[in-house]
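Dear colleague,

I am passing on the structure that we spoke about, and I would be glad if you could look it over. My notes on it come after the display.

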Amino acid sequence: MMSTVQAWPEPVIRVQHLSDSGIRVIPDRYVKKPVDQPGAVAAAASEGADIPVIDMEGLSSGDAGVTAALIDQACREWGFFQVANHGVSPGLMARCREAWREFFQLPLAEKQRYANSPATYEGYGSRLGVEKGISLDWSDYFFLHFLPIGLRDENKWPTLPVSCRELAAEYSREVVELCGKLMKILSRNLGLKEDYLLEAFGGEEELGACMRVNYYPKCPQPDRTLGLSSHSDPGGMTLLYSDENVSGLQVRRGDTWITVKPQPNTFIVNLGDQLQILSNANYKSVEHRVIVNSAKERVSLAFFYNPKGDKVIKPAEELVSPGQPQRYSPTTYNDYRLYIRMKGPCGKSQVESL
Ligand code: OGA
Ligand code: NI
């Protein structure tokens, strides 16, 4: 069983309203250590570099092998890639994101009806972790479960804007389908049977899917803080849809941070820790973080596709040999999350809510 803490250790401050109050100096709690501040590492080395952009239309043409190989290479070298022509309706994507933007633009009192607690994290939140006095990130979020169906509670989803619930449900249906396609491609690329990864996650009936809608308000001192501190995603795979005209996501590449240039109608796909384990480290779950800016707020929809919590996850036997020893011992995703929590906020992975 996951241990649960019912309440936040101190009053929760909504970053959006801090931002709207017109402050010129951010409270100390949001100021990161100098090494973690956005400007700490010279960006020069990474100028112009970006994660691969892959057109999935190539999979249904004569170039299917080439496209699959590009995805394989991205999984090995970056742990990140963007996908275009992925089959999810661009109109639905935009409508869903804008509905969530409208939610965040509602008066504070309306949003507070959905205020979350660390017991499940579902709802409107502004912090991760219950340690008193921890450093805070410059963002608010809304967290909700889609799968397994037993965890889904639409009563906890916003009723305003009126289209929000329906759009979220439709969005999750289409994104889950895309995740299924990607799981097949990744399985084949690893030399496994096509259904291997989906089955390892517990199959369609039991796998987990949840979403964190992130809201990064404008920040008067963007050089001193982060929208989201550095972490790797602990789960299976993440599909991120963000504002196409405001960048913010940075991916670790050696000693530097690469700022991802968002493209319209694409998803940014990244592999989580469970896929690194299942692939016996052939695929990488890479650290990333979010920077903020003083000119524009940014909305992103982070969709997490995860193994069933109590299913044992271990490297695929096909990927273990005398030359490639088994890199991880078997563990469940639930136990893994507990282990990350115990390591505390310095661990590689620190997204506690997922
Ligand atoms: C996350 C995440 C990135 C972003 O929610 O885990 O990494 O750009 N989000 O919002
Ligand atoms: Ni993340």
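This is a predicted model: local features need pLDDT of at least 70, side-chain atom pairs count only at pLDDT 80 or more; totals for chains, interfaces and linings use all residues.

Residues are numbered from 1 along each chain as its sequence is written, chains are lettered from A and ligands numbered from 1 in the order in which they are written, and side-chain values use heavy atoms, with hydrogens and water left out.

The chain has 9 helices and 14 strands, these being DSSP runs numbered from the N terminus (H or I, at least four residues, for helices; E, at least two, for strands). Its C-alpha atoms fill a box of roughly 55 × 50 × 40 Å along the principal axes. Of the 354 residues, 54% are buried, where buried means under 20% relative accessible area, exposed over 50%, and partly exposed in between (1.4 Å probe, protein chains only).

His-231 belongs to strand E6 (residues 228-231) and His-288 to strand E11 (residues 288-290), so the pair ties together parts that are 57 residues apart in sequence. Both histidines are buried, His-231 with a relative accessible area of 4% and His-288 with one of 6%.

Turning to the helices, the axes of H2 (residues 64-77) and H5 (residues 164-189) come within 10 Å and cross at roughly 80°; the axes are lines fitted to C-alpha atoms over the stretch in contact, with angles running from 0 to 180 degrees between N-to-C directions. Residues Ala-68, Ile-71, Asp-72, Cys-75 and Arg-76 of H2 meet Ile-185, Leu-186 and Asn-189 of H5, contact meaning heavy atoms within 4.5 Å.

Lastly, Ile-23 sits in the loop between helix H1 (15-20) and strand E1 (53-55), and with 28% relative accessibility it counts as partly exposed. Neighbours within four places in sequence aside, Ile-23 is in contact with Leu-18, Trp-138 and Pro-220.
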